[in-house]
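Hi,

Here is the structure I promised to pass on to you. Have a look at it first, and then read my notes on the pockets, the helices and the core below.

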Amino acid sequence: MPFHFDFFKKQREAYRGMVYSVYQPIVDIATGDVIGYEALIRSGDKMPAEMFHKSYENGTVIPFDFHCLESSIKVLPELHEGQCLFLNIEPLTLEKAFSKGKEGEEFLKGLKAYSGKVVFELTEGVKKSDFAFIRRGVEFIRAFGYRFALDDIDDISVKTSQLASLKPDFLKIDLQLVQGIASNYLNQQIVREMVHMGRVNGSEMVAEGVEHKSDLEFIRNMGIRYGQGFFFAKPAKELVLSLQWPKE
């Protein structure tokens with residue numbers, strides 16, 4: 001592994017061997033090309049949400065988050081030309097660690113050679129966070145040449161529009177809106193407004209949770225460029241370099 005960071009060494013020792021990373025392809029719907037992968041954390045006996053919840057209770061979420069990040073980035077040298085790696089980051093980590101002189105700066109500098117291939121995904125909790133610090137964190141990340149995405153977008157509220165005004169490189173539509181969209185009129189209307197919001201702010205759209213061909217065809221016709229979900233591939237420890245779409 002070409003990357004190693006020493007910060008939070010003592011706290012992170014407890015997580016060593018507990019978690020591993022899997023990677024789910026993000027696909028260009030028009031061409032079928034894999035344009036990137038979302039890194040996801042897995043554990044043999046615990047759910048990721050449970051582990052993060054516990055780390056928040058213990059006050060160790062930032063060391064745990066960095067441990068997950070370091071687990072995920074090992075595949076960066078394997079990415080093909082034009083592909084990128086989506087890394088989830090907790091709002092508290094963005095707030096407390098991604099500023100000058102902090103651990104996040106060291107992390108960004110350590111990945112400098114791959115800055116054009118990394119997209120930081122701001123997770124669900126960002127919608128409950130203070131907008132000012134989110135903006136500062138995004139500006140800090142972008143100053144080093146990295147891109148960012150808003151993950152799990154599931155509404156068109158004022159807060160969502162405010163976050164979208166930061167002009168994320170990608171807006172990822174929550175799977176709850178995508179699954180069954182071909183026959184769900186309400187979700188269709190919500191996603192159409194999201195697509196418009198993305199166009200206004202210059203963001204590419206990614207539909208998460210694509211499982212059926214009917215939903216894929218519908219989001220394609222809506223002008224959504226990228227998709228992610230079991231229809232294409234399940235998360236795997238090794239990068240899925242090419243896909244054969246099912247005929248379903």
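Let me begin with the second largest pocket, which is lined by Tyr 15, Met 18, Lys 46, Glu 50, Met 51, His 53, Lys 54, Ser 55, Glu 57, Asn 58, Thr 60 and Phe 64. The model is a predicted one, in which local features need pLDDT of at least 70 and side-chain atom pairs count only at pLDDT 80 or more, while totals for chains, interfaces and linings use all residues. Residues are numbered from 1 along each chain as its sequence is written, and side-chain values use heavy atoms, with hydrogens and water left out.

**Pockets**

A pocket here is an open set of points on a 1 Å grid over the protein atoms alone, where a 1.4 Å probe fits and protein lies on both sides within 12 Å along at least five of seven lines; lining residues have an atom within 4 Å of a point. Grid points are joined across faces, edges and corners, and a volume is the space filled by probe spheres set on the points.

The second largest pocket holds about 160 Å³ of space. Helix α2 gives the largest share of its lining, seven residues (helices are DSSP runs of H or I with at least four residues, strands are runs of E with at least two, both numbered from the N terminus). By class, that lining has four nonpolar, four polar and four charged residues. In this scheme Ala, Val, Leu, Ile, Met, Phe, Trp, Tyr, Cys and Pro count as nonpolar, Asp, Glu, Lys and Arg as charged, and the others, Gly among them, as polar.

The largest pocket has about 1000 Å³ of space. It is lined by 38 residues, and Glu 38, Leu 40, Asn 88, Asp 151 and Asp 152 lie nearest its centre. The lining has 18 nonpolar, 10 polar and 10 charged residues. At least two lining residues come from each of β2 (34-43), α2 (48-58), α3 (61-72), β3 (84-89), α4 (91-97) and β5 (147-153). Asp 152 has a backbone detail to check: its phi is positive, about 55°, although it is not a glycine. This residue sits in strand β5.

In α2, Pro 48, Met 51, Phe 52 and Ser 55 are buried (buried means under 20% relative accessible area, exposed over 50%, partly exposed in between, with a 1.4 Å probe and protein chains only). Seen down the axis of α2, these buried residues fall within an arc of 95°, so they line one face of the helix; the arc is that of the directions from the helix axis to the C-beta atoms. On the other side of α2, Ala 49, His 53 and Glu 57 are exposed. The buried residues of α2 pack against β1 (19-28), β2 and α3, where contact means heavy atoms within 4.5 Å. After α2 comes Gly 59, with a positive phi near 75°.

The buried residues of α5 are Gly 104, Glu 105, Phe 107 and Leu 108. Their arc around the axis covers only 160°, which puts them on the same side of α5. Their cover includes α3, α4, β4 and α6 (131-143).

Which residues does Glu 105 touch, not counting those up to four places away in sequence? They are Ala 97, Ser 99, Lys 100, Phe 140 and Phe 144. Glu 105 is buried, with a relative accessible area of 9%.

**Core and a buried loop residue**

The largest nonpolar core has 74 residues, and those with the most contacts inside it are Phe 66, Leu 85, Phe 98, Phe 107, Phe 120, Leu 122 and Ile 134. Such a core is a set of buried Ala, Val, Leu, Ile, Met, Phe, Trp, Tyr and Cys residues joined through side-chain atoms within 4.5 Å. Apart from it lies another core of nine residues, among them Ile 26, Cys 84, Ala 149 and Phe 170.

Gln 83, in the loop between α3 and β3, is buried, with a relative accessible area of 5%. Leaving out residues up to four places away in sequence, Gln 83 touches Val 34, Ile 35, Tyr 37 and Lys 117.

Best wishes
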